[in-house]
Amino acid sequence: LGLTQEQLAARLQVAGLALEQKAVSRIETGSRVVADFELMALAAALNTSPLALLDEDKSWPIGEASVL
C-alpha cells in the first residue's frame with residue numbers, strides 16, 4: 001500500500017482506534033503486543049484479512065485467508 005506509519009495511524013484513528021505513529025512503529029518491530037480488536041482494525045485499515053497479518057510465511061491462498 002505504500003503507507004507511512006503516520007498515515008496508518010491516521011487511518012486507525014479515523015476508525016476509532018487511538019494509536020499513534022510510535023505505537024504503529026512498535027507493532028511493526030514486534031516490540032508491542034496487538035490486541036484482538038486492534039488486529040481487526042489494522043486489517044481493515046490495510047485492506048487485508050486478520051489471518052493474512054498473522055501468517056508469517058504468507059503461505060495461505062488469498063481466497064482462503066479472506067475473513068473480512
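Modeller: H1 and H3 pack with their axes 10 Å apart, at an angle of about 115°. Helices are DSSP runs of H or I, at least four residues, numbered from the N terminus. Axes are lines fitted to C-alpha atoms over the stretch in contact, and angles run from 0 to 180 degrees between N-to-C directions. That angle makes H1 roughly perpendicular to H3 (65 to 115 degrees). This is a predicted model, in which local features need pLDDT of at least 70, side-chain atom pairs count only at pLDDT 80 or more, and totals for chains, interfaces and linings use all residues. Residues are numbered from 1 along each chain as its sequence is written, and side-chain values use heavy atoms, without hydrogens and water.

Colleague: Which residues make the contact between H1 and H3?

Modeller: Contact means heavy atoms within 4.5 Å. H1 supplies Leu8, Arg11 and Leu12, while H3 supplies Ala41, Leu42 and Ala45. By class there are 5 nonpolar residues, no polar ones and 1 charged; Ala and Leu count as nonpolar, and Arg as charged.

Colleague: How are the axes of H1 and H2 placed?

Modeller: Their axes are 8 Å apart, and the two helices pack at an angle of about 110°. H1 is therefore roughly perpendicular to H2. The crossing of H1 and H2 is right-handed, meaning that the near helix is turned clockwise from the far one by less than a right angle. Gln5, Glu6, Leu8, Ala9 and Leu12 of H1 meet Gln21, Val24, Ser25 and Glu28 of H2. This contact has 4 nonpolar, 3 polar and 2 charged residues.

Colleague: How much space lies in the largest pocket?

Modeller: A pocket is an open set of points on a 1 Å grid over the protein atoms alone, where a 1.4 Å probe fits, with protein on both sides within 12 Å along at least five of seven lines; lining residues have an atom within 4 Å of a point. Here the largest pocket holds about 450 Å³, the space filled by probe spheres set on the points. It is lined by 16 residues, and Leu8, Ile27, Glu28, Leu46 and Leu53 are the closest to its centre. Helices H1 (5–14), H2 (21–29), H3 (36–45) and H4 (50–54) each give two or more residues to the lining.

Colleague: Which helix gives the largest share of that lining?

Modeller: H2 does, with 3 residues.

Methods: Parallel < 35°, antiparallel > 145°, perpendicular 65-115°, else oblique.
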